[in-house]
Amino acid sequence: MKKRILAIALVAVICIALIAACAPATEDPPVDVPTEQEATPAPQPTEPTEPAEPPDPDAIDRSQFAREPFVPPTAISTELPRNETVFHFGHQWGPSNGWNPFSDEMNNPLAIEQVSAGARVPMFETPFMYNFLDGSFVPLLAIGPPRWNDDLTRLEYSINPAAFWSDGTPVTAWDAEFTFYVNNTYTPAPSPFIDRVVAVDELTVAIYATVNAAGQPLNPLMLDQFIIEEYVLQQAWLEQLVERNNGDIGAMQADPGDDVVWSGPYTKYFTNDELTVLIRDDGYWGQHESMWGQLPVPRFLAHPILEDNDAGLAAMMAGMVDVSQMFIPNVQNLWEVEGLPISTFMDSPPYGVTVNMPTAWFNMHSDKPGIDNADFRRAIAMAVDYDLIIANAMTNQSPSFAEVPRSLMNPTAGEQALFDSARVAPYQWDYQMPNVNDRIEAANELLDQAGFPRGAGGWRTYNGERLPAYIASVPFGWSDWEAAMEIVAAAGEAIGIEIVTQFDDWSIYQTFVTAAVHTEYDIFMMWTASASPTAPWERAFNLMSSTHVGNDHNWSGNWGAWTNDRADEILSLIPVTTNQAVLVDLWTELVILYLTEVPSFSLMYRPDQFHAVSEAVWTGWTEYGDGRNVPPANALNGFAIADKFNIRLVG
């Protein structure tokens, strides 16, 4: 009964969070945005007051808030005091390349990650922190709430006057303006939804939405996402980054940023082949009463670079890891059987908040026959034993697809209500055929009809030739993904298609899947967008939009490079449609299109981040129902960083 009550309560909480997240953050009720289905066009946005040249930072009177510049330690020791160090695991799988927050190539996730569920903020900070438990925006570099104009074409926020950079200069609106300029100028894919960011004055930032011919914002939700995902970086440092690399994007990406300036509570200490370590900046501005009112408790944050999840689990069981994002099979055995001081956000299945959908992508750049055929793709997806994935790969830390039939939505009630389930049901193969043997039989019939008959040895052929082996990959050491992909390979064998698994180190894997074009893998796994201010639209955009296709260093989505004009059209209509019936129709059509074309297929539901903690050294981590409302995101992303200010030493 306890498990049932917890599950129902959690769904209610997340449902409320997602409904709240789908509306722009504003003090007043949001004004409906006219749509193409309505007669009255939205008014044109008010033109901003163009700012003058930014003032000399030394001339800004913030003496009541001033901080001294950070002074690096005179000596660095690789021996970290255990009672001052929080050890993380599950984020990093190879040595760091540097500290440059502009770059996607640093492989330094302890310090740098900008994602829609909330950026990682120990070193670099966003205007607001996202809390996916309730959809709230908690001010960080900002002070007070974000402010929208009536037609949702402009969002403003104010910089906290207590906010300072590590070199002792104040954070200003000019920094926010210049950060957007650099990010949008020195990139192969400028933001399609944000037109410009303007410093109205020293402390006021205005973000302007890209509008259509009728003056409507293309997607006001993306402005909400922008203020919790994108770092504000120092203008002076960014100018140096551009200048020393002559504005070359590749060189700017490769620049290690050893001289970077930050605003967060931690900074670089050292990194080597075995460890990445941050040290607390004791001059951090956030100890001002307008923010945290104190420094974070641990002096050091460290991430050991271990071979795989098994090594991480052994370290955690020995009390050498404090908080972990790794998947732990049968995690409950750690406290129920082993009696260890290890716990998860919830003490019963699914043990975390399942808002993500790790997905297998078909690579449309592959030249192997069948990948470009929707029936071929659907046959493979139908034949997979998802119950085995849930039971074995996920050890039941996920709802099944029989419980929550597949679509573009996660299991929360708020997302499931957005489409017509009756109209979608005929396309949900898990729902129609819950028995995997029935699905295998149907998949074999589909391949026969699609022109892939069986040949010698029962293997499928095309144009009289046996189909080649298809390479399926996930990052090495990601045990739940590895197990899931092995089950996909077994499904291929059941329908006469040879699928060979190949698990590469993350440092290699990520360079392939984020490249503009790659042919190394025919099937591969990546994540989807989770709970965010734009969910579930962002997830659908991530899975289906052609905007991402052809972009190098692509961390945004559609890694399989599938394109469809109608999908793009629907994705452009959903954010500005206010008529509920029309919105349901659009979502329903998009879900059916996805389940018909099958450019990718989700293998499980899982948390955005697994969150397991050890209380061998530190205690006070967030728990479901503790009243603190801190999300289980490893005390790193968005408002989860609050845990660093809450924890204390055991005893």
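## Around N356

N356 sits in strand β13, residues 354-356; strands here are DSSP E runs of at least two residues, and helices are H or I runs of at least four, both numbered from the N terminus. This is a predicted model, where local features need pLDDT of at least 70, side-chain atom pairs count only at pLDDT 80 or more, and totals for chains, interfaces and linings use all residues. Residues are numbered from 1 along each chain as its sequence is written, and side-chain values use heavy atoms, with hydrogens and water left out.

Is N356 buried or exposed? N356 counts as buried because its relative accessibility is 3% (buried means under 20% relative accessible area, exposed over 50%, partly exposed in between, with a 1.4 Å probe and protein chains only). The N356 side chain reaches the backbone oxygen of T528 at 2.8 Å. Beyond four places in sequence, N356 has contacts (heavy atoms within 4.5 Å) that include W527, M604 and D608.

## The seven-stranded sheet

Now to an open sheet of seven strands, ordered β8-β9-β10-β1-β11-β22-β12 with mixed pairing. Its edge strands, β8 (266-271) and β12 (342-344), each pair on one side only; pairing requires at least two DSSP bridges between two strands. Strands β9 (275-280) and β10 (300-304) pair antiparallel over five bridges, with L278 opposite L301 of β10.

## Around G620

G620 lies in the loop between β23 (618-619) and α19 (643-646). With 16% relative accessibility, G620 counts as buried. G620 and R648 are 28 residues apart along the chain, and their C-alpha atoms are separated by 6.3 Å. Leaving out residues up to four places away in sequence, G620 touches E615, R628, D643, N646, I647 and R648.

How values were computed:
Polar contact = N/O pair within 3.5 Å; in protein donor to acceptor, adjacent residues only side chain to side chain.
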